[in-house]
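Colleague: Thanks for sitting down with me. Could you walk me through this model, one question at a time?

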Amino acid sequence: MCKHILNAQVSVRAACCKRWFDCPQCHAENSTHELKKTDEIIFLCKKCKKAFRKDINECEEADEYCPHCDNQYVVEAKTPMAALGVEGEDARVDNRLIKDDRAKINTSSMFDKDASDKLG
């Protein structure tokens, strides 16, 4: 599980150490050497768990999918971001979420329209 890319669809086999990583940052954290560049990349689909090879010099739009299960592995990466979440808007701006459970007191005023007959 990659902590750098949350929606990684494949693992990549590093040509230098023959180990599987989800991203180059994972390789840098777990290895003492630099990642070796190569033209042929070996992928492991996380959906069907099958490996396949791709030559980066001959990549086409159809090569964005696993050849075994058609899982699209070329997607925009979602990186983790720290955030605080609030279930509603700011109550000072939008007070529709605040529920008032107090009992309403029925008071009549002498200025009410129906209170005209109460005057002397």
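Colleague: Let's start with K49: is K49 buried or exposed?

Modeller: Happy to, and please keep in mind that this is a predicted model. K49 lies in the loop between β3 (40-45) and β4 (51-55). A residue counts as exposed over 50% relative accessible area. K49 has a relative accessible area of 61%, so K49 is exposed.

Colleague: And what is the phi of K49?

Modeller: Most residues other than glycine have a negative phi. K49 is not a glycine, yet its phi is positive, at about 65°.

Colleague: Which segment holds D70, and is D70 buried or exposed?

Modeller: D70 is another residue to look at for its backbone: it is not a glycine, and its phi is positive, near 60°. D70 is found in the segment after β4. Its relative accessibility is 59%, and the cut-off for exposed is over 50%. D70 therefore counts as exposed.

Colleague: Now the helix. Is H27 buried or exposed?

Modeller: H27 lies in helix α1, which covers residues 24-30. Leaving out residues up to four places away in sequence, H27 touches A14, C16, C17, F21, H33, E34 and L35. Buried means under 20% relative accessible area. With a relative accessibility of 2%, H27 therefore counts as buried.

Colleague: Stepping back, in what order do the elements of the chain run?

Modeller: The chain has 1 helix and 4 strands. Reading from the N terminus on, the order is β-β-α-β-β.

Colleague: What share of the chain is buried?

Modeller: The surface gives some background here: the chain exposes about 10,400 Å², and carbon and sulfur atoms supply 50% of that. The chain has 120 residues, and the buried share of them is 20%.

Colleague: Last one: what share of the contacts with a separation of 6 or more joins residues 24 or more positions apart?

Modeller: Here we take the contacts in the chain with a separation of 6 or more. Residues 24 or more positions apart account for 34%.

Terms used. Residues numbered from 1 in each chain as written. Predicted model: local features only at pLDDT ≥ 70, side-chain atom pairs only at ≥ 80, totals over all residues. Heavy atoms only, no water. Helix = DSSP H or I, 4+ residues; strand = E, 2+ residues; numbered from the N terminus. Buried < 20%, exposed > 50% of the residue type's maximum accessible area, 1.4 Å probe, protein only. Contact = heavy atoms within 4.5 Å. Areas by Shrake-Rupley, 256 points an atom, 1.4 Å probe, with all protein chains shown as cover.
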